[in-house]
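Hi everyone, thanks for making time this morning. I'd like to walk you through one model, and please stop me whenever you want to look at something more closely.

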Amino acid sequence: MTAIAEDKIRINEDRLWNSLMEMATIGAGVAGGCNRQALTDADNEGRHRFQSWCEAAGLTLGVDQMGTMYATRRGTRPDELPVYVGSHLDTQPTGGKFDGVLGVLSALEVVRTLNDQNVRTERSIVIVNWTNEEGSRFVPSMLGSGVYAGIYSLDYAHGRKDQQGRTLGAELVRTGWLGEERVGSRIMHAYIEYHIEQGPILEAEGQTIGVVTHGQGQSWLEVTLTGREAHTGSTPMNMRANAGLAMARIFEMVHGIAMDNQPGTAGSIGQVLFSPNSRNVLPGKVVFTIDIRAVEKAKLDSMCATIEAETHKIAAALGVGCSIEPIGHYDPIAFDSGLVSIVRKSADKLGYKNMDIYSGAGHDACWVARVAPATMIMCPCSGGVSHNEAEEITREWGVAGANVLLHSLLATAGSV
């Protein structure tokens with residue numbers, strides 16, 4: 001193939017969009033989005049649809065003991081390490097049509113386009129659908145890639161339970177996705193993940209492509225505050241052990257520390273559980289999560305230490321018991337500079353406006369980067385809205401990122 005001919009290759013935008021819309025009908029949400037939580041019947045149906053598309057494209061499917069799917073297009077030099085590309089098909093309970101799915105189906109569209117154009121690559125290309133990226137059903141998130149990268153053990157992952165007490169391992173068996181491959185046995189030459197931004201920066205800056213250079217580190221702290229249940233009307237204000245008030249002050253403290261450490265940091269409160277959660281009873285117990293993120297490790301460590309110390313201080317001042325349990329952590333990562341350069345050059349070559357950006361959300365690429373060269377490509381999403389059924393992208397954004405993915409893969413896998 002000549003360089004000129006290669007420069008002219010573009011994905012089939014109608015086919016990509018139709019695939020996205022067809023997948024969105026599986027586990028369709030009540031407000032236009034999707035509910036395909038990991039290893040539910042809906043996820044199972046989506047996996048089988050993806051499998052059928054892969055087989056129709058001539059790909060060979062492998063499945064590991066975490067249920068992660070690997071669809072391989074054989075290269076002309078199959079002994080060379082393959083290039084992996086993909087994301088995830090599982091969603092939040094009220095998720096959108098593009099989070100994760102765009103990356104998997106764009107990778108499939110790249111392969112379909114290469115087939116249409118009779119383009120071979122030296123290295124094999126492997127499309128990945130990672131299991132339980134979202135973590136909405138089985139905590140923590142990014143479990144399939146986490147076991148792959150050696151962050152979690154297989155037994156730990158198989159033992160994770162959903163709210164009904166069903167284990168991930170048992171659901172792999174029930175749905176038929178417990179594969180035989182040892183997790184982590186595949187070695188990657190490179191890994192590229194295409195994803196919506198899940199934030200407002202690219203759209204606000206008028207950029208079409210985000211060249212992802214770093215991923216934020218993240219820590220999750222589960223805080224349990226123990227006060228004293230009492231009547232809201234007859235208990236004097238100065239005689240209360242109010243776990244709810246302590247929680248409110250901690251919320252404000254977390255926000256303030258994140259704002260004081262800008263740029264590149266975030267501090268948020270996630271799930272909150274009140275007990276007894278009655279209108280006229282002061283809460284005796286409040287459990288909530290603190291989500292702390294930063295691009296720089298020093299900032300992340302400092303914020304975590306400060307927030308923990310201040311949380312204990314606030315609780316003690318109000319006579320409220322306090323315990324803090326770390327339930328998730330990973331350090332910031334820098335994506336492979338060579339792959340980042342390939343993505344940037346591909347976007348420039350195709351004439352798409354682009355900018356360097358860091359990922360504020362966790363992605364499978366963040367775990368994979370621990371064991372293989374990895375990077376990400378991002379496209380804007382409307383208003384930065386994600387993890388929401390209102391999540392939306394324009395057709396033009398989605399297609400542009402898929403074309404950058406195509407040319408980045410050609411550069412990485414070597415066209416023949």
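I'll go through a helix, a helix pair, the salt bridges, a few single residues and then some backbone details. One thing to keep in mind throughout is that this is a predicted model.

Let's start with helix α3, which covers residues 41-56. This helix has 16 residues, and from its first C-alpha to its last it reaches 23 Å, close to the 22 Å expected at 1.5 Å a residue. Which of its residues are buried? The list is Ala 42, Asp 43, Asn 44, Gly 46, Arg 47, Phe 50, Gln 51, Trp 53 and Cys 54. As for what covers them, the elements include helices α2, α4 and α7, along with strands β1, β2 and β4. If you follow the chain just past α3, you come to Gly 58, which takes a positive phi of about 80°.

Now stay with α4, residues 101-116, which is one of the elements covering α3. How does α4 cross α13? The axes of α4 and α13, the latter being residues 395-413, come within 9 Å and cross at roughly 60°, and the crossing is right-handed. On the α4 side, the contact is made by Ser 106, Ala 107, Val 110, Thr 113 and Leu 114. From α13 come Ala 402, Leu 405, Leu 406, Leu 409 and Leu 410. By type, the residues of this contact divide into eight nonpolar, two polar and no charged.

While we're on α13, have a look at Asn 403, which sits in that helix. Is Asn 403 buried or exposed? With a relative accessible area of 3%, Asn 403 is buried. Leaving out residues up to four places away in sequence, Asn 403 touches Arg 10, Ile 11, Leu 350 and Tyr 352.

Ile 192 is buried, at a relative accessible area of 0%. Beyond its neighbours within four places in sequence, its contacts include Leu 405, Ser 408, Leu 409 and Thr 412, and also Tyr 84, Val 85 and Gly 86. Ile 192 and Ala 374 are 182 residues apart in sequence, yet their C-alpha atoms are 5.8 Å apart in space.

On to the charged pairs. How many salt bridges are there? The count comes to 22. One of them joins Asp 7 and Lys 349, with the closest N and O atoms 3.5 Å apart. That pair links helix α1 to helix α11, 342 residues apart in the chain. Asp 7 is partly exposed at 34%, and Lys 349 is partly exposed too, at 40%.

Let me finish with the backbone. Where are the cis peptide bonds I'd like you to look at? One joins Gln 262 and Pro 263, with omega about 0°, and Pro 263 lies in the loop between α9 and β8. Another runs from Ser 275 to Pro 276, with omega near 10°, and that proline is in the loop between β8 and β9.

The β8 to β9 loop also holds Asn 277, whose phi is near 60°, a positive value in a residue other than glycine. Asn 277 is exposed, at 62% relative accessibility. Further along this loop is Asn 280, which is partly exposed at 39% and touches Ala 230, His 231 and Thr 232, not counting residues up to four places away in sequence.

Finally, Gln 198 has a positive phi of about 65° although it is not a glycine. Gln 198 lies in the loop between β5 and α8. Why does Gln 198 count as buried? Its relative accessibility is 19%, and buried means under 20%.

That's my tour, and I'm happy to take questions.

Definitions and conventions:
Residues numbered from 1 in each chain as written. Predicted model: local features only at pLDDT ≥ 70, side-chain atom pairs only at ≥ 80, totals over all residues. Heavy atoms only, no water. Helix = DSSP H or I, 4+ residues; strand = E, 2+ residues; numbered from the N terminus. Expected span 1.5 Å × (residues − 1). Buried < 20%, exposed > 50% of the residue type's maximum accessible area, 1.4 Å probe, protein only. Contact = heavy atoms within 4.5 Å. Salt bridge = Lys/Arg side-chain N within 4 Å of Asp/Glu carboxyl O. Axes fitted to C-alpha atoms, helices over the stretch in contact; angles between N-to-C directions. Left-handed = near helix turned anticlockwise from the far one by under 90°. Nonpolar A, V, L, I, M, F, W, Y, C, P; charged D, E, K, R; others polar.
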